[in-house]
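Please read the points in order, with the structure open alongside.

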Amino acid sequence: MKAMIIDKYGKVPMRLAEMPTPEIGEYEVLAEIHAASINPVDFKIRDGKVKLLVKYQMPLTLGNDFSGVVAKVGAKVTRFKVGDEIYARPRKSKIGTFAEYIAIHEDDIALKPKNLSFEEAASIPLVGLTSYQALIDIMQLKKGQKILIQAGAGGVGTFAIQLAKAMGATVATTASVAGMNLVKSLGADEIINYKTEKFEEILKNYDAVFDTLGGETLEKSFEVIKNGGKIVSVSGLPNARFGKEYGSGFFKTLLFSAASHKLTALEKKHNVQYSFLFMKPSGDQLRIIANFIETGKIKPIIDRVFPFEEAQKAMEYAEAGRAKGKIILKIK
């Protein structure tokens, strides 16, 4: 099969290579991939920034979510059959969706939303699961609460705004002038122009912040949260709580604690809970997300679709950070 691979960590371009079609285990399916999406975690993996959390063997096929068709099923697979149209985010040890096929555990799969094309469906799994686990699992966001979603016009942001609105929350978001109409159309109640305005001076007493940027933006987010509120970040630093919950072991947990000491200090100062989210695959949650999509509460937002052969060009476009919504690779 054809796959887009890297041979070493670092800012190296992917190359198109012939790789063996994966063998499947008894609880896995072989999925023929029709489309995949590009996500910031792809650059982080390529650059070696998640080595503390997951180590990969080289050469490595990148790619963290997809849509496609079941081509073969393992002996003990019960939920899926050959020909089923599916979408999924594979577990972190089994990534590799920038390819023609992938072996994936049946627990990580759901049937593709009926009203979406393969390209549209491929845009959903990673951002959908990330938003679901942040807003529902960790924040337990409730109707009437206020949430700030950073970078609302990005891939995660466009999904998270819609999910928060479906849950009955009031949503503030940050965007550039180019992204304002988009986030408004998705239901954002208050839009901060991050180039000319300071969100931390405008917003007060928010129940939650969903951070996708990290760094100074994350640190300033503590200023808008009310006593007892929650901040969830996918771009900040893992802390000791994450290390313990993730089962990272004593030494790594100690490292996380030291690296995130500034965030822990802010957590205590403002009396809020800070959580780092390293999203988990879940076919069950993808089934719930499919229902949101099929009932019209959430729609995919796609910026551009690239042919598979232009995966490296698509990656560079994604890294430029100007995309509004998701960037898709059309593989079949």
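1. The residues lining the largest cavity divide into five nonpolar, four polar and two charged (Ala, Val, Leu, Ile, Met, Phe, Trp, Tyr, Cys and Pro count as nonpolar, Asp, Glu, Lys and Arg as charged, and the others, Gly among them, as polar). The model is a predicted one, in which local features need pLDDT of at least 70 and side-chain atom pairs count only at pLDDT 80 or more, while totals for chains, interfaces and linings use all residues. Residues are numbered from 1 along each chain as its sequence is written, and side-chain values use heavy atoms, with hydrogens and water left out.

2. Two cavities of 30 Å³ or more are found in a search of the whole structure. On a 1 Å grid over the protein atoms alone, a cavity is a set of points where a 1.4 Å probe fits but cannot get out, and a pocket is an open set with protein on both sides within 12 Å along at least five of seven lines; lining residues have an atom within 4 Å of a point. Points are joined across faces, edges and corners, and a volume is the space filled by probe spheres set on them.

3. The largest cavity holds about 50 Å³ of space. Its lining includes Ser123, Phe159, Lys299 and Lys326. Helix 4 (residues 155-166) gives the most to this lining, with four residues; helices (H or I, at least four residues) and strands (E, at least two) are DSSP runs, numbered from the N terminus.

4. The second largest cavity has about 40 Å³ of space. Among the residues that line it are Val41, Tyr56, Arg89 and Phe278. Its lining comprises six nonpolar, one polar and two charged residues.

5. The second largest pocket contains about 340 Å³ of space. Of its 19 lining residues, Pro22, Thr61, Lys94, Ile95 and Gly96 are the closest to its centre. Strand 7 (101-105) supplies the largest share of the lining, three residues. By class, 12 lining residues are nonpolar, four polar and three charged.

6. In helix 11 (residues 283-294), the buried residues (under 20% relative accessible area, 1.4 Å probe, protein chains only) include Gly283, Leu286, Ile289 and Ile293. Seen down the helix axis, the buried residues fall within an arc of 155 degrees (taken from the directions from the axis to the C-beta atoms), so they line one face of helix 11. They pack against strand 6, strand 8, helix 3 and helix 4 (contact means heavy atoms within 4.5 Å).

Conventions:
Expected span 1.5 Å × (residues − 1). Buried < 20%, exposed > 50% of the residue type's maximum accessible area, 1.4 Å probe, protein only.
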